[in-house]
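Hi,

Here is the structure I promised to pass on. Have a look at it first, and my notes follow below.

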Amino acid sequence: MRYAPKTLTPYVSARHYFGSEQRRHREVAKLSLVQLADIVNSSKSNLARVETAELMPPPELPSALDAAFGTEKYFFGLYQLAKKEIHPDRFRRYMEFESQATVIEDFATNAVPGLLQTRAYAHAFFGYWPGATDEQVEERVQARLLRQERLRAVVPPRYSAILDEAILHRPVGGPEVMREQLAALLAQIDTSHTMIQVLPFLHGGYALMEGPLKLLTLPSGQGVAYEEGRMSGDLLEVQGDVAQRRALYDSLRAYALSPRDSAALIQHLMERYEPCAPAST
């Protein structure tokens with residue numbers, strides 16, 4: 001079957017424009033993807049994904065393209081714009097990456113990560129959003145629960161999470177909801193493919209207090225980071241940026257309690273959510 005190149009959308013973002021310009025210059029030079037890959041010391045698949053904006057250009061690619069096409073710093077300049085822009089569909093893109101990831105690592109500061117939330121906890125969490133209707137809340141809950149199917153796949157990704165202790169003390173949804181949520185955490189705290197650790201209050205301050213962080217490892221070995229905000233987030237694919245976040249995550253893992261000690265703390269805190277017995281008369 002003859003290869004049919006995907007239609008490009010160059011004016012969506014600088015990243016898309018970079019890819020379309022790579023293809024345009026390649027076709028003008030009458031080079032196939034395989035031929036260009038040999039020239040710039042890359043792979044055909046990676047170059048194809050750059051052209052369709054599925055992959056952020058690796059840092060070494062722009063200069064290699066400029067050398068191959070004799071374009072001085074043209075691709076270098078496009079790359080400077082592409083790596084700084086906030087991707088217009090960054091969360092949808094993150095979700096695509098998450099569905100493919102072989103390793104998923106979460107650091108959470110204020111709430112249980114979405115992949116670990118019970119239905120009741122998720123319902124309460126989304127119910128706090130101002131102006132959210134019952135239908136909108138239920139839609140968001142269903143979307144969150146569908147994401148969790150990834151952890152129950154025949155071949156699930158390896159998943160680990162570090163939770164700030166504050167999360168365990170905040171009774172989202174009330175005592176009954178919180179007790180159920182803590183029990184769900186205990187069930188996944190140390191299994192063949194999941195691990196949960198708690199970063200205790202006694203550790204004090206740390207570099208990621210301003211917000212949650214997610215790290216993904218894709219089948220290709222590429223790393224992706226996602227810094228989550230209240231209403232938006234930043235998807236990071238430049239490997240230097242991802243490596244920096246990886247170092248921060250690894251340092252917090254070293255300071256966190258072991259899974260066994262984390263389980264003991266969660267069990268202790270569950271006692272405060274026990275239903276109170278009615279007073280005897």
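Two strands are said to pair if DSSP finds at least two bridges between them. Helices (H or I, at least four residues) and strands (E, at least two) are DSSP runs, numbered from the N terminus.

A word on where this comes from: it is a predicted model, in which local features need pLDDT of at least 70 and side-chain atom pairs count only at pLDDT 80 or more, while totals for chains, interfaces and linings use all residues. Residues are numbered from 1 along each chain as its sequence is written, and side-chain values use heavy atoms, with hydrogens and water left out.

First, the overall picture. The chain holds 12 helices and 6 strands, and its C-alpha trace spans about 90 × 40 × 35 Å along the principal axes. Of its 281 residues, 45% count as buried (under 20% relative accessible area, with a 1.4 Å probe and protein chains only).

Now the sheet. The 6 strands make an open sheet with mixed pairing, in the order E3-E2-E1-E4-E5-E6. E3 (194–199) and E6 are the edge strands, each pairing on one side only. From one strand to the next, the twist averages 10° (angles run from 0 to 180 degrees between N-to-C directions, and axes are lines fitted to C-alpha atoms, for helices over the stretch in contact).

At the E6 end, E5 (residues 223–228) is joined to E6 (residues 233–236) by 4 bridges, and these two run antiparallel. Glu228 has Gly233 in E6 as its bridge partner. On to E4 (residues 213–217): this strand pairs with E5 in the antiparallel sense over 5 bridges. Leu216 is bridged to Val224 of E5, and Thr217 to Gly223 of E5. The E4–E5 hairpin has 5 residues between the strands, and Gly221 there takes a positive phi near 95°.

One helix pair is worth a look too. H7 (residues 119–127) and H8 (residues 134–148) have axes that come within 9 Å and cross at roughly 135°. That makes them oblique to each other (under 35 degrees is roughly parallel, over 145 roughly antiparallel, 65 to 115 roughly perpendicular, and the rest oblique). The contact (heavy atoms within 4.5 Å) includes Phe125 and Phe126 of H7, and Val141 and Leu145 of H8. Its residues divide into 6 nonpolar, 3 polar and 4 charged (Ala, Val, Leu, Ile, Met, Phe, Trp, Tyr, Cys and Pro are nonpolar, Asp, Glu, Lys and Arg charged, and the others, Gly among them, polar).

Cheers

How values were computed: Buried < 20%, exposed > 50% of the residue type's maximum accessible area, 1.4 Å probe, protein only.
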